Structures are given as structure tokens and as C-alpha cells.
Amino acid sequence: MNKSILAGTGLAVAIAAGSGAIASPGSTGDWYLRLRKPCYQPPSVAFPVVWTALYGDIATSSAVAIDRFRGTGQRDKARRYIGALAINLVLNAGWSWLFFRFHRLGISALGAAVLATSSGDLVRRTTDADRQAGLAMLPYALWCAFAAVLATHVWRLNR
């Protein structure tokens, strides 16, 4: 794998993760603690562990896909993949702003659904480039789908 591509995807993912972290300082503060949450809400400690693993996976799997597309002369697919990844990472970071910073539960539930759809598309694109990388990206899409269900349930409980 081309290390400069991995550096680029790693930087893009780090920027998204950092932006999301900026949006959610003290996310376990009073506002968040007062929210009613469904019984299947994972413990707070699970989120940074899961997201750290997923962000590493996104960077690596995306680098493999971009490298594979470029290596097989599919430069248009590589460019479209980079665009889809950029949109996905903006949606990813944007969700934290909608939910934690602006406390917009309904819009954040919609944002989570759009992110889940975008993540599924990213898995499809990654699989098109490299089947193993696509399988490695699958937990991200599944987690985003779970997050959409969870965000929707939190919104409904707190309307």
C-alpha cells in the first residue's frame, strides 16, 4: 500500500475525529446526563474505544481502496471514492455538532441516518476496489446504522 495515501486518509480521518471531539467537550455533562436513553445504550466508555478502532479502519481500508483503484488505472473511481470519503467524514463530524453542541436531537437522528447510508455506500465502493478491505470497512457501516437507530430512539424519548 502506498504510504502517502495512508497518510492522507489518516489525516482526513483525524481531522474529522478532532472536529467531532471539539463539538462534544463534556458530552457527559448535565444536558447529556438528563437525556432519557434506551436500555440498549452502550456504556459511555464504549464509544471512544469503538470510534478509535473504526477511525483506524476507515483510514486503512480507504487507503487500500484508493491505492487499488489507482494501481489498476481506475483513476476516476479513485477520485469518486475520495469525494465519497470526504462527504462521509463531514457527515461523521457534523453529527457530533448537531447532537452534542447544538442539542438538535431530531436533526441529528436524520443526520445519523444519512451517515449510515453514506457509510454503506463507502463499504460498497471499498468492496469494489478490494473485497477484504470492504469486509474490514463493514463494521463502520453497521455501527453507523446502530447509531442511527439509537439517535432516533433518544430523540423520540426526549421530544
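**Close-up views of a predicted helical model**

**View 1. Ala63 in helix α3.** Ala63 lies in helix α3, where helices (H or I, at least four residues) and strands (E, at least two) are DSSP runs, numbered from the N terminus. The model is predicted, so that local features need pLDDT of at least 70 and side-chain atom pairs count only at pLDDT 80 or more, while totals for chains, interfaces and linings use all residues. Residues are numbered from 1 along each chain as its sequence is written, and side-chain values use heavy atoms, with hydrogens and water left out. Ala63 is buried, with a relative accessible area of 0%; buried means under 20% relative accessible area, exposed over 50%, and partly exposed in between, with a 1.4 Å probe and protein chains only. Leaving aside neighbours within four places in sequence, Ala63 is in contact with Met1, Ile5, Leu6 and Thr9, contact meaning heavy atoms within 4.5 Å. Ala63 and Thr126 are 63 residues apart in sequence, and their C-alpha atoms are 9.5 Å apart in space.

**View 2. The packing of helix α1 against α3.** Two packed helices are described by the angle between their axes and the distance between the axes. Helix α1 (residues 3–23) packs with α3 at an angle of about 145°, and their axes are 8 Å apart; axes are lines fitted to C-alpha atoms, for helices over the stretch in contact, and angles run from 0 to 180 degrees between N-to-C directions. The crossing in which α1 passes α3 is right-handed, where a crossing is left-handed if the near helix is turned anticlockwise from the far one by less than a right angle, and right-handed if clockwise. On the α1 side the residues are Ile5, Leu6, Thr9, Gly10, Val13 and Ala17, and these meet Tyr55, Ile58, Ala59, Thr60, Ser62, Ala63, Ile66, Asp67 and Arg70 in α3. By class, this contact of α1 with α3 has nine nonpolar, four polar and two charged residues; Ala, Val, Leu, Ile, Met, Phe, Trp, Tyr, Cys and Pro count as nonpolar, Asp, Glu, Lys and Arg as charged, and the others, Gly among them, as polar.

**View 3. The packing of helix α3 against α6.** Helix α3 (residues 46–71) and helix α6 (residues 131–157) pack with their axes 9 Å apart and at an angle of about 140°. The two helices α3 and α6 are therefore oblique to each other, since angles under 35 degrees count as roughly parallel, over 145 as roughly antiparallel, 65 to 115 as roughly perpendicular and the rest as oblique. The residues making the contact include Phe47, Trp51 and Leu54 of α3, together with Met137, Tyr140 and Trp143 of α6. Sorted by class, the contact of α3 with α6 has 14 nonpolar, two polar and one charged residues. The crossing in which α3 passes α6 is left-handed.

**View 4. The packing of helix α3 against α5.** Here α3 and helix α5 (residues 105–129) pack at an angle of about 50°, with their axes 8 Å apart, and α3 and α5 are therefore oblique to each other. The contact is formed by Ser61, Ala65, Arg68 and Phe69 of α3 and by Arg125, Thr126, Asp128 and Ala129 of α5. Its classes are three nonpolar, two polar and three charged residues. The passage of α3 across α5 is a left-handed crossing.

View 5. Ser96 has its place in helix α4 (residues 75–101) and is buried, with a relative accessible area of 12%. Apart from neighbours within four places in sequence, Ser96 is in contact with Gly20, Ala23 and Arg101. His103 lies in the loop between α4 and α5, and at 34% relative accessibility His103 counts as partly exposed. The phi angle of His103 is near 55°, a positive value in a residue other than glycine.

View 6. The UniProt annotation "signal peptide", from an unreviewed entry, covers residues 1–23; UniProt positions are given in the numbering used here, feature names are shortened, and annotations may be inferred rather than shown by experiment. This span, residues 1–23, is 91% helix and 0% strand, and its end C-alpha atoms lie 33 Å apart. For "transmembrane region", the unreviewed UniProt entry lists residues 45–66, 78–99 and 135–155. Residues 78–99 are 100% helix and 0% strand, with end C-alpha atoms 32 Å apart.
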